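Subject: Structure handover and findings

Dear colleague,

Please find the structure below. My notes on what was found in it follow.

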Amino acid sequence: MSQLELSPLEDIHGAMAEFDTPEELIAACEKAYAEGFRKMDAYAPLPVEGLAEAIGFKRNKVAFCVLIGGICGAIGGFALLEWITVIAYPHNVGGRPLNSWPAYIPITFECMILLSALTAMISMFAMNGLPKPYHPVFNIPEFERASIDKFFLCIESRDPKFTPDGTLDFLRGLGGKEVTLVPA
Amino acid sequence: MITEKIELPPEQIPDPGPNRILSPGHDYQSVSERIGGVVLLPLVNSPKKWLVGAFISFIFVNILMFCMYVLFFRGIGTWGVNIPIGWGFAIVNFVWWIGIGHAGTLISAILFLLKQDWRTSINRFSEAMTLFAVACAGMFPILHLGRPWLAYWLFPYPNSMWLWPQPRSPLEWDVFAVSTYGTVSLVFWYIGLVPDLATMRDIAPKMWQKKIYAVLALGWRGSAIHWHRYQKAYLLLAGLATPLVLSVHTVVSFDFAISIIPGWHTTIFPPYFVAGAIYSGFAMVLTLIIPMRAWYNMRDLVTLRHIESAAKLMLGTGLIVAYGYSMEAFFSWYSGDKYESFMYWNRMTGPYGFTYAMLIACNIAIPQLLWIKKVRQTIWAVWVLSIIINIGMWLERFVIVVTSLHRDFLPSSWGMYIPTKYDWGTYAGTIGFFLLLMFLFVRMLPSISIFEVREVVHHEAHERQELLEAQ
């Protein structure tokens with residue numbers, strides 16, 4: 001694919017190399033990070049421990065979002081019940097207090113779980129930028145194995161250190177197979 | 001396209017025995033093709049048993065439709081319910097189905113948090129089972145409303161009548177618990193599916209198949225950063241689903257325990273309902289997965305290790321259930337309350353005494369065979385026991401609902417409950433509906449989590465490496 005005439009940098013998404021095992025991929029990522037590359041992504045058919053850290057990923061905000069979602073769910077659920085029983089539809093049953101909060105715990109709990117679970121899904125997909133039907137990496141025919149059995153490292157052209165030939169050579173030096181440029 | 005021809009392995013694949021969760025010799029590609037191949041197999045090449053099974057389930061779905069039609073057209077009187085037995089099959093089946101669902105969440109969430117590696121090959125399958133069981137369970141409360149088309153009144157929404165539901169009632173808690181449970185199970189299941197849908201997109205041979213899986217996979221490309229957030233979200237969902245599953249069956253047991261009916265009004269109900277739910281759920285997992293692994297020749301992926309572990313859990317939860325029964329009996333005697341002690345005596349020796357005897361036989365006596373290792377490792381024996389336990393757990397709910405209600409406080413309002421053919425038809429119909437959904441699921445989505453099996457392959461390769469280096 002590198003023989004494709006992709007001269008202006010805007011036409012290139014990045015340079016990609018293929019690896020056979022997760023260990024090779026992590027080692028390559030660590031070397032690329034040490035070399036000074038920052039804008040890159042690694043692709044694997046299974047979650048690999050330490051891979052995201054190797055390409056410099058630090059802040060995972062999913063847990064924080066879920067906490068906020070859970071708090072909103074619990075407060076919202078409890079407030080709804082209070083509003084129903086005290087304000088909207090006060091119903092006197094044998095003189096018992098309207099604000100009978102112990103009876104609200106089950107629904108408050110369910111609302112908390114519901115909202116935090118939905119937040120976990122939505123925030124995970126949103127921060128990952130999914131759904132995303134088109135992505136330049138899919139232009140490489142070999143890339144379909146990224147969901148089956150192969151491991152890929154892609155150094156992107158928006159990295160200041162990226163030069164088409166230099167980065168390709170660097171990836172070959174890491175032992176990557178099928179080293180190619182990815183058209184944008 | 002990586003595989004040119006999709007077919008099931010020709011010869012019978014041996015089971016690797018009770019110590020392995022995966023046969024040796026598998027790599028990342030072979031597990032993808034084996035699991036994906038079941039789905040991509042052309043329909044005409046499906047095992048004959050699949051076709052026959054799906055057809056029979058479809059007939060039962062039609063029976064369900066007919067019974068529902070009769071119910072909607074003629075009303076609740078077509079069922080055997082009466083006063084005093086206002087809760088008949090509808091509630092028995094509701095509790096039975098929702099209990100069956102609980103094993104899916106247990107396998108996928110609780111065993112995930114406990115790092116039980118044998119959950120991997122059966123979690124997707126049991127999560128699907130959860131979803132379909134909850135769908136069946138959800139039908140019954142709506143059907144037994146009398147005016148099912150007004151079921152949406154159960155939800156709090158601003159309406160022209162200025163009415164709101166009663167949130168102090170366990171029946172309203174049920175609405176929230178079951179709908180939350182259904183939603184969270186769906187979210188959990190779908191998130192687990194996304195990376196596998198991407199695999200299906202990439203191995204599917206036909207363009208239309210690729211398109212469907214591509215849309216469902218949302219453009220998943222396996223980025224390391226995506227995986228990182230994915231795993232965090234999955235872990236959090238497992239942590240949320242664990243208390244959820246306990247709360248759901250607790251709330252279901254509150255439907256009984258909050259009332260003042262002798263036989264229902266006990267504090268032991270929540271824990272013993274939860275244990276019973278997991279008990280019946282594991283029984284249903286085994287009932288379904290044993291034929292499935294035989295029909296699709298997947299003995300290398302679902303091994304004796306999975307079956308024996310599930311059987312052990314069945315034995316354990318069964319003992320908790322047995323403790324629940326004995327405490328129920330003990331307290332109705334020890335309380336000195338004449339209504340309680342009469343209720344229990346009547347439960348054991350009254351007109352429905354035979355159901356209690358069958359319940360004890362199915363749920364407590366016969367499953368003790370699982371103590372014997374040879375029984376746990378004999379596939380057909382485990383399968384037969386799982387069916388017996390399913391029947392036993394259904395009987396438990398029948399005994400709790402019917403025998404507690406049919407002898408009211410005043411002998412003048414005593415009654416009997418005889419289920420009609422429409423009761424039986426609706427019940428059998430939901431079993432058909434559940435099985436049909438399972439049959440379709442096995443054909444349309446990877447029924448084993450492919451990427452998690454890849455993790456097992458990776459893990460085992462690592463262990464072998466370390467072993468070699470140590471020598």
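A charge is said to sit over a ring if NZ of Lys or CZ of Arg is within 6 Å of the ring centre and within 35 degrees of the ring normal. Arg38(A) lies in this way over the face of Tyr33(A), 3.8 Å from the ring centre. Likewise, the charged end of Lys161(A) is placed over the ring of Phe37(A), at 5.9 Å from its centre.

Please note that this is a predicted model, in which local features need pLDDT of at least 70 and side-chain atom pairs count only at pLDDT 80 or more, while totals for chains, interfaces and linings use all residues. Residues are numbered from 1 along each chain as its sequence is written, chains are lettered from A and ligands numbered from 1 in the order in which they are written, and side-chain values use heavy atoms, without hydrogens and water.

Over all chains, the search of the whole structure gives 54 aromatic pairs (rings of Phe, Tyr and Trp, the last by its six-membered ring, with centres within 6.5 Å; stacked means planes under 30 degrees apart, edge-to-face over 60, and tilted the rest). One stacked pair is Phe330(B) with Tyr334(B), at 5.1 Å centre to centre and 15 degrees between the planes. These two residues are 4 apart in helix α9 (residues 304-334) of chain B, and therefore about one helical turn separates them. Helices are DSSP runs of H or I with at least four residues, numbered from the N terminus. Phe330(B) is partly exposed at 34% relative accessible area, whereas Tyr334(B) is exposed at 55% (buried is under 20%, exposed over 50%, partly exposed in between; 1.4 Å probe, protein chains only).

A colleague
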